[in-house]
Amino acid sequence: MPATVVAGNWKMNTTLNEARTLAGGVRDLAVNAAGVEVILCPPAISLAAVRDMVSGSGVKVGAQNLHHEDSGAYTGEISAVMLNGVCQYVILGHSERRQLFGETDQQVNLKVKAAFSHGLKPIVCVGETLEQRESGQAARVISGQVGAALDGVAPVDINGLIVAYEPVWAIGTGQAATPEGAAEIMGGAISETLHSLYGSSSAAVPLLYGGSVNAGNIVDFAGQSCIHGALVGGASLQADSFMDIVRLAGETKGAGS
């Protein structure tokens, strides 16, 4: 059974001091997170500060992106080499990166390989647009994104992999997918593609739902057997609301029992 995981993607929010305060609040409430892997993904400028704030608490830290090269003339970019030792996880292929910055499946694949090669655990994001969903292409699109992101990644290298399903039309809109609709994609296209690539080893990969997740709907999502947690956006910017999601996800999945 995969681990229960709840990750908070702070996106381009929080100053350095606000990040410290938020991380401290999560750390102090983490006693209620028994059995749940809690990951905080702050802006890059706050990674080291958040790492220091949660040190010793069991709360993990993730970056929001990386460049696939180890070093070079890439102004403004951060490499896996730089992130190693600062965080354990990294979000890759988020729809905002794909839509706003033109990131391709091939670039996501290079980043996934870079993460694994330097000991980082990638949270690979996949998701369809509303147009793709309404035209019946969701499963094909999602399967293609998963396969492309992991192209050339050997079974022995997938330890720590997480896949997050975030339908593009549900991110930041307040309109979440139905738990049943999410489970159809996650237990279907995502699980089947992972199994085709990695066989029985894929059963250990946690699948997270993301897209307007909050304390009011996490129980319904976590109640689906193929959903092992959540990638949380806006609701992760308040320590109490985020940790309510963590607690409810853990209780629903029976984490720590």
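Colleague: Within what distance do the axes of helix 7 and helix 8 come, and at roughly how many degrees do they cross?

Modeller: The axes come within 9 Å and cross at roughly 35 degrees. Helix 7 covers residues 138–149, and helix 8 covers residues 179–198. Axes here are lines fitted to C-alpha atoms, for helices over the stretch in contact, with angles from 0 to 180 degrees between N-to-C directions. Helices are DSSP runs (H or I, at least four residues), as are strands (E, at least two), numbered from the N terminus.

Colleague: What kind of model is this, and how are residues numbered?

Modeller: It is a predicted model, where local features need pLDDT of at least 70 and side-chain atom pairs count only at pLDDT 80 or more, while totals for chains, interfaces and linings use all residues. Residues are numbered from 1 along each chain as its sequence is written, and side-chain values use heavy atoms, leaving out hydrogens and water.

Colleague: Which residues of helix 7 meet helix 8?

Modeller: Ala138, Ala139, Ile142, Ser143, Val146 and Gly147 do. On the helix 8 side they meet Ile185, Ala189, Ile190, Thr193, Leu194 and Leu197. Contact means heavy atoms within 4.5 Å. By class, this contact of helix 7 with helix 8 has nine nonpolar, three polar and no charged residues.

Colleague: Which residues touch the most other members of the largest nonpolar core?

Modeller: Ile190 and Tyr209, out of 72 residues. Helix 8 gives the most to this core, eight residues. A nonpolar core is a set of buried Ala, Val, Leu, Ile, Met, Phe, Trp, Tyr and Cys residues joined through side-chain atoms within 4.5 Å. Leaving aside residues up to four places away in sequence, Ile190 touches Val126, Ile142, Val146, Val163, Tyr165, Ile185 and Leu207. A second, separate core has twelve residues, among them Val5, Ala7, Ile91 and Ile123.

Colleague: Why is Cys125 called buried?

Modeller: Buried means under 20% relative accessible area, exposed means over 50%, and partly exposed lies in between (1.4 Å probe, protein chains only). Cys125 has 1% relative accessibility, so it counts as buried. Cys87, at 5%, is buried too.

Colleague: What makes Thr14 partly exposed?

Modeller: Its relative accessible area is 23%, so Thr14 falls in the partly exposed class. Thr14 sits in the loop between strand 1 (4–9) and helix 1 (16–29). Its phi is near 85 degrees, a positive value in a residue other than glycine.

Colleague: Is Ser212 buried or exposed, and what is its phi?

Modeller: Ser212 has a relative accessible area of 19%, so it is buried. Its phi is positive, about 60 degrees, although Ser212 is not a glycine. Most residues other than glycine have a negative phi. Ser212 lies in the loop between strand 7 (207–210) and helix 9 (218–222).

Colleague: Why does His67 count as buried?

Modeller: His67 has 14% relative accessibility, so it counts as buried. His67 lies in the loop between strand 3 (60–63) and helix 3 (80–83). Not counting residues up to four places away in sequence, it touches Tyr74, Glu77, Ile78, Ser79 and Ala80.

Definitions and conventions
Nonpolar A, V, L, I, M, F, W, Y, C, P; charged D, E, K, R; others polar.
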